[in-house]
Amino acid sequence: MKNHVLRPLFVVIAVIALILVARYFYVPSDFGIYERGFMYGYHRKSNEGEWKAFKVKYRTREYCKDCHSDKYKSIMASKHRIIQCENCHGPAIDHPENPPKLTIDKSRALCKRCHTYLPYPTSKRATIKGIDPKKHNPDMECSSCHNPHKPDMEGW
Amino acid sequence: MKLTRRDFLMTALRGTIATALPIGAFKFLKPSEARAAIEGTNVRWGFLVNTYKCIGCGFCVKACKLENEVPYNVQVTRTWVERYVILKDGRFLADTPMGGRDGFTDSKVQEEEVKNEEIAKGFFVPKLCNQCENPPCVQVCPVGATYQTADGVVLVDRSWCIGCGYCIMACPYGARFFHPVYKTAEKCTFCYHRITKGMKTACVDACPTGARQIGNLKDPNYPVTKVILNQRVAVLKDEYGTKPQAYYIGLDKNVR
Amino acid sequence: MIESYVQEAQWTIKELFVYPNEFIYWSIQIVMYPLMTGLVAGAFVLSSLYHVFGQKDLKDMAKFSLVFSFALLLVAPVPLLFHLQHPLRGMQVFFTPHFTSAISAFGIVFFAYSIIVVTEIWFVYRKYFVERTLDLKGKEGLGNTVTRLLYNVLTLGAYDIGEEAQQKDEKAIKILAGFGIPVACFLHGYAGFIFGSVKANALWMTPLMPVIFIMSAIVSGIALCMLTYIAIMEWKKFRIKTSRKPWEVTAEEVAGVEIELMSKSSKYLIGFMIAAITLEILDLIFRGYMAVKSWDILRSVIYGKDFVDIFILQYTFGNLLPFTLLLLPRLTVRRLAVALSLVLFGVFMMRWNVVIGGQAFSLSFAGYMHYKMPFIPYNLETFKEGFFGAFTVGIMPFILFWGINRLIPSLRYK
């Protein structure tokens with residue numbers, strides 16, 4: 001007569017077996033321990049490829065310069081050469097297919113980012129020519145008087 | 001029939017072996033393979049921030065959000081810029097409105113009007129994931145959803161993350177958050193999709209003053225690597241032992 | 001990109017300088033979870049005090065607290081399921097546990113502990129299952145047939161209820177109860193480890209955390225079992241008094257046994273309460289003495305913003321007051337019930353002060369976050385992580401126990 005004390009153990013083993021079978025189907029086969037070891041490298045390897053394949057949106061000015069050469073040359077000759085085209089116009093993505101047009105943002109908010117004068121010793125911010133946005137023509141668009149692609153001269 | 005200890009152990013052993021066979025599904029690298037993989041890599045990404053050069057324009061935060069599809073109008077962000085204003089009486093004020101997404105367009109800090117004569121020093125500190133050498137966030141993930149690649153970048157597997165938030169609590173730098181749409185843990189990935197193609201990260205490209213730089217710490221030809229090797233640099237919160245790989249020039253004692 | 005919102009922003013109020021990604025990510029359900037596992041562990045330890053250490057005076061309590069521990073165990077994962085952003089992926093903790101994480105221990109410990117409790121219940125009730133199966137043999141009706149089948153399955157085919165077989169059962173119970181104590185302690189100790197090992201959180205990081213959690217867990221388990229037992233006995237006395245038919249026991253006899261058992265149980269409770277409070281005070285003293293970098297902001301949280309929560313609600317109402325009530329002579333059931341309720345409240349406040357308190361200050365050490373617990377839910381997350389979500393978790397064990405008790409009765413009146 002088998003000892004009845006072991007009966008619960010058989011139930012437990014059956015449950016564990018069930019979990020392992022479920023695991024076999026659920027967990028991807030490339031899940032494991034990789035280069036960085038168990039503590040830092042335990043993962044599904046194919047996820048790395050998924051992140052590498054993420055869509056690139058920002059193209060940098062190299063992408064813009066051939067079609068928009070006039071604006072490019074103009075800005076590169078000015079103090080605004082340090083600003084990427086896409087900083088103000090948004091990411092190119094697949095322009096001109098998608099999106100066909102990029103935004104032309106004429107709001108004061110865009111210019112205030114750098115040109116709100118903040119007199120901070122030790123910071124390069126203090127060296128940027130700026131204004132107090134509450135006092136300097138608060139109702140007008142900055143681009144009414146200043147050309148963003150040729151800011152060295154007043155007006156257009 | 002009396003149950004002997006031997007019987008019990010034998011049954012348990014047989015049962016355990018039977019159920020352990022599927023555990024062979026675990027994939028392991030042999031120790032020699034792992035060592036070869038790490039030593040063989042010649043890339044370890046590192047970041048350099050120059051807080052003298054940062055002007056607080058916030059273009060980096062905007063570019064990061066748009067490049068990496070982080071919802072624009074919510075406060076969470078993969079990278080952010082903090083402003084510190086230290087007054088002559090020793091007090092410091094700091095803020096980070098929407099992470100610096102719209103730049104810093106108000107001289108008021110923490111709702112306090114600051115008179116120019118009172119300012120002893122002021123500066124901006126861009127922050128992002130430090131892609132630590134000993135990332136505490138990876139250590140605490142219960143299911144292996146977040147991990148570090150061989151070239152040092154810490155990533156999150158969105159299909160595996162259960163959303164427990166332990167990694168967010170474990171990061172001493174506040175670099176992690178829940179993505180509002182995917183509801184999985186999210187953080188700066190050093191634009192892994194860009195740097196592995198020879199491009200720079202979106203924030204490095206966007207930065208007008210070159211305050212942000214990225215490079216391969218194992219390649220002495222990179223400007224970033226040269227600076228870290230030859231100039232005085234610091235890291236954030238090194239007392240936690242995380243070995244962060246984002247280096248700072250001009251870090252001040254007031255920086256949190 | 002679909003515009004969206006940060007769900008945690010609905011209950012987080014930031015003050016001064018806080019990093020942009022900081023919110024109260026671990027809210028009420030993370031307070032409820034250690035509360036529930038603590039009750040599980042405490043109820044089981046109480047039951048084991050009889051089975052392992054032969055504390056004969058706890059015999060009646062032992063069966064009850066074992067089954068109640070099981071009801072609590074079934075509820076323990078619920079706060080986690082409410083909290084997870086992807087609850088259905090929760091099973092991944094069983095499939096790909098990352099053992100460097102304290103949370104991954106949940107899979108092993110919860111599973112091991114469930115096995116022990118269920119198996120021990122099986123051994124305690126096997127004779128009952130066999131008797132019920134034989135009783136219902138030949139009885140007509142679908143209800144009886146289904147019940148009989150259920151009990152038959154529960155016997156696992158082990159029908160021998162002779163003396164020798166029963167002695168084997170007793171031995172198995174003793175072994176399981178013995179193993180179960182460290183496993184129950186681990187079930188709650190690991191929760192303390194989850195917090196204590198987070199070096200990024202200045203309040204949580206302390207090696208004392210697992211021990212503090214275990215001590216207060218045992219306190220909560222004992223208190224809950226005693227309180228539930230009192231409630232059931234009072235209900236029984238009420239029914240005896242108001243019933244027309246005579247019962248096999250009188251209300252006075254019930255009351256006599258009740259107060260006898262409760263007095264003895266409360267001695268154990270007091271012991272563990274002393275241990276729990278000693279550790280917490282020790283932690284506080286050390287922090288103040290060492291005064292590391294985080295002490296300035298922690299001090300302003302502990303002695304400032306959270307002063308009422310910690311010193312008034314937890315230490316005074318939740319510890320000092322019930323301690324006094326329990327030690328005063330001529331203990332009555334009414335005074336005991338008040339004291340036990342206060343103890344449970346104190347344990348809840350301890351979990352609250354650790355979880356919420358740890359997120360009350362920013363990583364910058366220069367700002368604060370205030371937790372505004374959602375009360376009336378207006379969407380799914382304000383239910384799950386709000387008052388009503390917590391309330392659901394709180395009453396579930398009692399509902400489940402009522403159901404389980406019909407199948408596995410655990411309250412004897414002798």
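Predicted model: local features only at pLDDT ≥ 70, side-chain atom pairs only at ≥ 80, totals over all residues.
I then turned to the contact between chains A and B, where 55 residues of chain A meet 58 residues of chain B. The elements of chain A that each supply at least two residues here are helices H1 (7-26), H2 (37-41), H3 (46-52) and H7 (108-115), together with strands E1 (31-33) and E2 (42-44). The largest share of this side again comes from H1(A), with 6 residues, and the class count is 31 nonpolar, 13 polar and 11 charged.

Next I checked how chain A is divided, and I recorded domain 1 as 4-50 and domain 2 as 61-144. I wrote down 53 Å as the distance between the C-alpha centres of these two domains of chain A.

In chain B I looked up a sheet, which is open and consists of 3 strands in the order E3-E2-E4, with antiparallel pairing. Strands E3 (92-95) and E4 (119-127) of chain B are at the edges, and because each has a single partner strand, one side of each lacks a neighbour in the sheet. From one strand to the next the twist averages 15°. I followed the pairing of E2 (residues 80-87) with E3(B), which is antiparallel and runs over 4 bridges; for B:Arg83 I noted B:Asp95 as the bridge partner in E3(B).

My last entry concerns two helices of chain C, H8 (residues 209-242) and H12 (residues 333-355), which pack at an angle of about 145° with their axes 9 Å apart. I recorded the crossing of H8(C) and H12(C) as left-handed. On the H8(C) side the residues that meet H12(C) include C:Ser216, C:Val219, C:Ala223, C:Leu227 and C:Ile230, while those on the H12(C) side include C:Val333, C:Leu336, C:Leu340, C:Ser341, C:Leu344 and C:Met350. Over the whole contact of H8(C) with H12(C) I count 14 nonpolar residues, 3 polar residues and no charged residues.

Definitions and conventions
Residues numbered from 1 in each chain as written. Chains lettered and ligands numbered in written order. Contact = placed C-beta atoms within 7 Å. Nonpolar A, V, L, I, M, F, W, Y, C, P; charged D, E, K, R; others polar. Pairing = 2+ DSSP bridges. Axes fitted to C-alpha atoms, helices over the stretch in contact; angles between N-to-C directions. Domains from an automatic or database assignment. Left-handed = near helix turned anticlockwise from the far one by under 90°.
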